[in-house]
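Please open the model in the viewer and keep the selection panel at hand.

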Amino acid sequence: MNLGIILKGRTLGGLIAERTYTNLLLIVLMNIVVIVGVIIIYRNIRQEIKLAQIKSDFVSNVSHELRTPLALISMYSETLEMERVKTEEKKKEYYRVISQESNRLSRIVNSILSFSKIESGKRKYNFQPADLNELITQVYENYKYHLETKGFTFKISSNEQMPELELDREAITEAVINLVDNAAKYSKEDKFIELKTLYYNSKPAIEVVDKGIGISKEDQHKIFDKFFRVSTGLVHDTKGTGLGLTIVKHVIDSHNAKIELESNEGNGSTFRIIFNSTKNSA
Ligand code: ADP
């Protein structure tokens with residue numbers, strides 16, 4: 001007796017071709033999965049390496065930032081203690097340097113603390129009605145002397161029709177100070193800074209304008225990233241932690257506001273904080 005198997009409507013060749021096709025498809029799919037996996041791992045590793053590099057730059061930047069004021073404070077106070085300074089004029093100058101440098105130290109420490117609170121999600125805001133003109137006037141008064149002794153023309157221009165807004169006054173002040181501080185740090189020969197309140201597209205806004213080194217289009221979207229510092233030209237010699245604008249962005253986001261930048265390399269920058277309240281509605 002002979003027993004035969006006949007495939008219904010299929011030939012053995014057809015079946016083999018179908019299996020081969022399915023197997024090939026599976027192999028191709030598996031290869032794609034492996035390739036995608038390798039790409040993801042490669043990207044993660046690259047990101048980790050970049051982050052490690054950024055962190056190590058940050059530590060070295062912060063150390064530099066802390067070392068300079070500490071060295072100056074210790075040098076000037078020792079000189080004063082040893083009574084080596086003869087004239088009252090010189091003494092006053094030394095006291096001024098000590099006070100300026102200790103302010104700088106506390107600003108650096110405060111910004112690191114601010115950043116660490118933000119990172120751990122512990123930063124709380126206390127919203128209360130505030131007047132933008134009063135706020136920028138206070139910053140102007142506090143920084144006028146300091147900036148003018150550094151050779152800056154520091155201007156203020158207020159729009160008198162600003163509404164009262166619900167703000168964390170301290171946090172917005174900190175953000176404006178960070179912007180003014182940057183305007184001063186990243187200016188070369190043209191030492192000009194202006195603080196403004198205005199309506200921008202019918203919304204209340206604060207502007208900090210400088211005529212400094214400006215920011216290239218390529219870097220503009222990166223400057224709010226944590227630890228980011230532009231690494232060419234003057235910025236290289238200017239100290240910083242790369243945290244100032246990260247803090248500014250967080251404060252602004254928490255106020256449901258927006259920060260815009262208009263800048264051209266070599267032609268100054270305008271940072272604009274736009275609050276989310278239309279004219280006369282607040
Ligand atoms: P830091 O000033 O400590 O480096 P920031 O977060 O405040 O950190 O700023 C990030 C970078 O953005 C700076 O390193 C600088 O390259 C650039 N930058 C910020 N403000 C200005 C400005 N007004 N003009 C030119 N460049 C700026």
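Begin by selecting α4 and α6: α4 passes α6 in a left-handed crossing. The model is predicted, and the mean pLDDT of the protein is 91, with 96% of its residues at 70 or more. The axes of α4 and α6 come within 9 Å and cross at roughly 145°. To see where the two helices touch, display the side chains of Ala 171, Ile 172, Glu 174, Ala 175, Asn 178, Leu 179 and Asn 182 in α4; their counterparts in α6 are Gly 244, Leu 245, Ile 247, Val 248, Val 251 and Ile 252. Coloured by class, the residues of this contact of α4 with α6 divide into 9 nonpolar, 3 polar and 1 charged.

Next, select the strands of the open sheet. In what order do its 5 strands lie? The order is β2-β4-β5-β7-β6, and the pairing is mixed. β2 (153–157) and β6 (258–263) stand at the edges with a single partner strand each, so one side of each has no neighbour in the sheet. From one strand to the next, the twist averages 15°.

Zoom in on β2 and β4 (residues 192–200), which run parallel and are joined by 5 bridges. Here Lys 155 stands opposite Glu 194 in β4. α4 (residues 169–185) lies across β2, β4, β5 (203–210), β6 and β7, and runs at about 25° to β5. α6 also packs on the sheet, where it touches β6 and β7; its direction makes about 135° with that of β6. If the view is coloured by confidence, β7 (residues 269–274) has the highest mean pLDDT among the elements of the protein, 98, while α2 (residues 88–119) has the lowest, 91.

**From α6 to α2**

α2 passes α6 in a left-handed crossing. Display Ser 111, Ser 114, Phe 115 and Ile 118 in α2, which meet Thr 246, Ile 247 and His 250 in α6. The residues of this contact comprise 3 nonpolar, 4 polar and no charged.

**From α2 to α1**

How are α1 and α2 oriented towards each other? They pack at an angle of about 155°, with their axes 9 Å apart; α1 and α2 are therefore roughly antiparallel to each other. Their crossing is left-handed. On the α1 side, residues of the contact include Val 62, Leu 66, Pro 69, Leu 70, Ile 73 and Tyr 76. On the α2 side, they include Tyr 94, Tyr 95, Ile 98, Glu 101, Leu 105 and Ile 112. By class, the contact of α1 with α2 has 15 nonpolar, 4 polar and 4 charged residues.

Definitions and conventions:
Residues numbered from 1 in each chain as written. Predicted model: local features only at pLDDT ≥ 70, side-chain atom pairs only at ≥ 80, totals over all residues. Heavy atoms only, no water. pLDDT = per-residue confidence, 0-100. Helix = DSSP H or I, 4+ residues; strand = E, 2+ residues; numbered from the N terminus. Left-handed = near helix turned anticlockwise from the far one by under 90°. Contact = heavy atoms within 4.5 Å. Nonpolar A, V, L, I, M, F, W, Y, C, P; charged D, E, K, R; others polar. Pairing = 2+ DSSP bridges. Axes fitted to C-alpha atoms, helices over the stretch in contact; angles between N-to-C directions. Parallel < 35°, antiparallel > 145°, perpendicular 65-115°, else oblique.
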